[in-house]
Amino acid sequence: MTTPLELVCPAGTPAGLRTAVDAGAHSIYCGYRDETNARNFPGLNFDRAEMRDAVAYSHDHGAKILIALNTFMRAGSTDLWKRGVDDAVAAGADALILADVGLVEYARKAHPKQRLHLSVQAAAATPEAIAFYRDRFGISRVVLPRVLTVEEIARLTANAAPCETEVFVFGGLCVMAEGRCMLSSYATGKSPNMTGVCSPPSHVSYREESDALVACVGGFTVERFERGEPAGYPTLCKGRFEAQGAVSHLFEDPVSLNAVELLPRLAEIGVTAFKIEGRQRGRAYISTVVRAFRKAIDAMAVGDKVDFGELRALTEGQRDTTGAYKKAWR
Amino acid sequence: MTARLSLTLGPVLYNWPKPRWVDFYNRIADEAPVDRVCIGEVVCSKRKPFIDDVILDVVDRLERGGKEVFYATLALPTTKREVRDIGDIIQAGYMIEANDIATVHLLNGRPHVVGPFINIYNEDTLALHLKLGATRICLPPELPLESIRTMAKGNQAVEVFAFGRPPLALSARCYAARQANMAKDSCQFVCEAHSDGMDVCTLDGVPFLAVNGIQTQGYVVSTAVNHVAALSEAGVVSLRLSPQTCDMVRVVEVYRDLADGNTTPKEAGEALAVLHLPGPLSDGFLRGLPGCTAEVD
């Protein structure tokens, strides 16, 4: 291994950021408290002053900070996103994570020296797509979609150079190509691309039936939890539906991504950074997950064995998957 | 006085049996008052070989019928072969409708049009794509009229998704195969059974979505009939009609008459409603509401 692996961790709040830094994150990603970022929930994210403090705290502790402005600019209001870019640069972000190519173009022109990463929301899934952003706009790193197999990631990483690749290894899993999904928009009018939310809590409702709890998104029933069954958050693509007379989790089971066992292979093929999903998660979760992954990465760096048991235990009691990475979707 | 709205027939998004596919385009060539036609497999590369040996004849027939023809390319290419196929189509000299940024990269500035699968949500990104060689751009179907107004101003390049089940998502996984307990790589083309997509209902039996292989669509049929005048005033130059199994020649005629001011939106809506549509008409997205919202007069 030539370059050290980078562990990229989420922060939804200033306290969450300090937790992730203290737990050993090499980099933190976070966003402003508005619709410029794809985790636009009430109570999450950073105002301008908090972001400046977050940069200072991260840098004082040797961590980098990556500011995500990864929704698509609203027509007629592009200034909100551009001001976000300007402020993030002024705050001292080590990189900006962008999805909208119009905003990428702005950031490159206005801040020629600023390091730019391409968000997973841009869904660059081929060497040609990566080349588009790298050659025209000097993108330094691309966060790869979760719809790829490890072999495809290997090919992409080899072709992307000198652009680096970053891969999701743990947390929520989009089964649709990221940034190209309007399911939430269709059911609720609020979409990841335009408002930075998916299946938002404001549009989730529950109703009790005699033997079950029924969960709806935008008025559509997406899950029925029998009494005593743990009730997970009803995300549209993880719901149960009826097609051809059969009821199933048609799109994806309610599982989360855990690519722990693939870490050595991903490192071997030259992936630069491992990303943990979950800006909406609590501090205890972040602390545990970040520590475990940092330990694994440090072990790999010196050729020690990785304690996979510890990492697997992180999802104990829940169902997890390696998603598309192991060709299971083919 | 605004310019005449043109009509674009989008590519058939479903896996129609070859005879149906050929007959459909022959009839469009001969009878439909549509200005341009996009052909080509956009959803699943496994289906593409089925049309490869007839596509030249279909292009010829459409061009002889006075239609401008565009070759629409794959929306979610991931494999080396899929990208190579797109390169081959570009090399063959067709006018291209790009549906993925990789295709825009391969076009390298050559004039082309952009389909509804590329994320263009604002005037800046639209202007960038025009600089990259786009001459017409079909906007993503979730955009509200308010955004379209801002984006269509002064460029004579904007097309709006005006008829058909709205495309909502793409995945590496095939849901038609998954529903039939099959792997994508050995799917036996089960999607052929769903000519308007496979209807997906909620647990209470409420129709919700439609599955077209790796693509998810809305159950409703999007329509812009109530907004054609507003779109035209905003500077939109073209309406996209996306093929369903209903009488698409009639659909084209309805939109042509409406755009020419020969019928009212109400009459147009009624004319569409009597066709064999796969779902109810909706204009939710255009009104800035959930895309499933039923159309109102």
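Here is a walk through this predicted model, from its domains to the chain interface and then to a helix in the core. Because the model is predicted, local features need pLDDT of at least 70 and side-chain atom pairs count only at pLDDT 80 or more, while totals for chains, interfaces and linings use all residues. Residues are numbered from 1 along each chain as its sequence is written, and chains are lettered from A and ligands numbered from 1 in the order in which they are written.

Let's start with chain A, which is divided into domain 1 (6-173 + 255-321) and domain 2 (183-248); such bounds come from an automatic or database domain assignment. Their C-alpha centres lie 27 Å apart. Nine residues of domain 1 of chain A are in contact with six residues of domain 2 of chain A, where contact means that C-beta atoms, placed from the backbone, lie within 7 Å. The domain 1 side of chain A divides into three nonpolar, three polar and three charged residues. Here Ala, Val, Leu, Ile, Met, Phe, Trp, Tyr, Cys and Pro count as nonpolar, Asp, Glu, Lys and Arg as charged, and the others, Gly among them, as polar.

Now turn to where the chains meet: 51 residues of chain B are in contact with 54 residues of chain A. The largest share of the chain B side, five residues, comes from α5(B). Helices (H or I, at least four residues) and strands (E, at least two) are DSSP runs, numbered from the N terminus. By class, this side of chain B has 27 nonpolar, 14 polar and 10 charged residues.

Next, have a look at helix α10 of chain B, residues 248-259. At 1.5 Å times one less than its number of residues, its 12 residues should span 16 Å, and the end C-alpha atoms agree, being 16 Å apart. Its buried residues (20 or more other C-beta atoms within 10 Å of their own, C-beta atoms being placed from the backbone) include B:Met248, B:Val251 and B:Tyr255. Seen down the axis, the buried residues of α10(B) fall within an arc of 160 degrees (taken from the directions from the helix axis to the C-beta atoms), so they line one face of the helix. They pack against several elements of chain B, including β1 (6-9), α1 (18-31) and α11 (265-273).

Finally, which residues have the most contacts inside the largest nonpolar core? They are A:Ile28, A:Leu96 and B:Tyr255, in a core of 209 residues; a nonpolar core is a set of buried Ala, Val, Leu, Ile, Met, Phe, Trp, Tyr and Cys residues joined through C-beta atoms within 7 Å. α10(B) gives the most to this core, with seven residues.

Note on methods
Contact = placed C-beta atoms within 7 Å. Buried ≥ 20, exposed ≤ 12 C-beta atoms within 10 Å, placed from the backbone.
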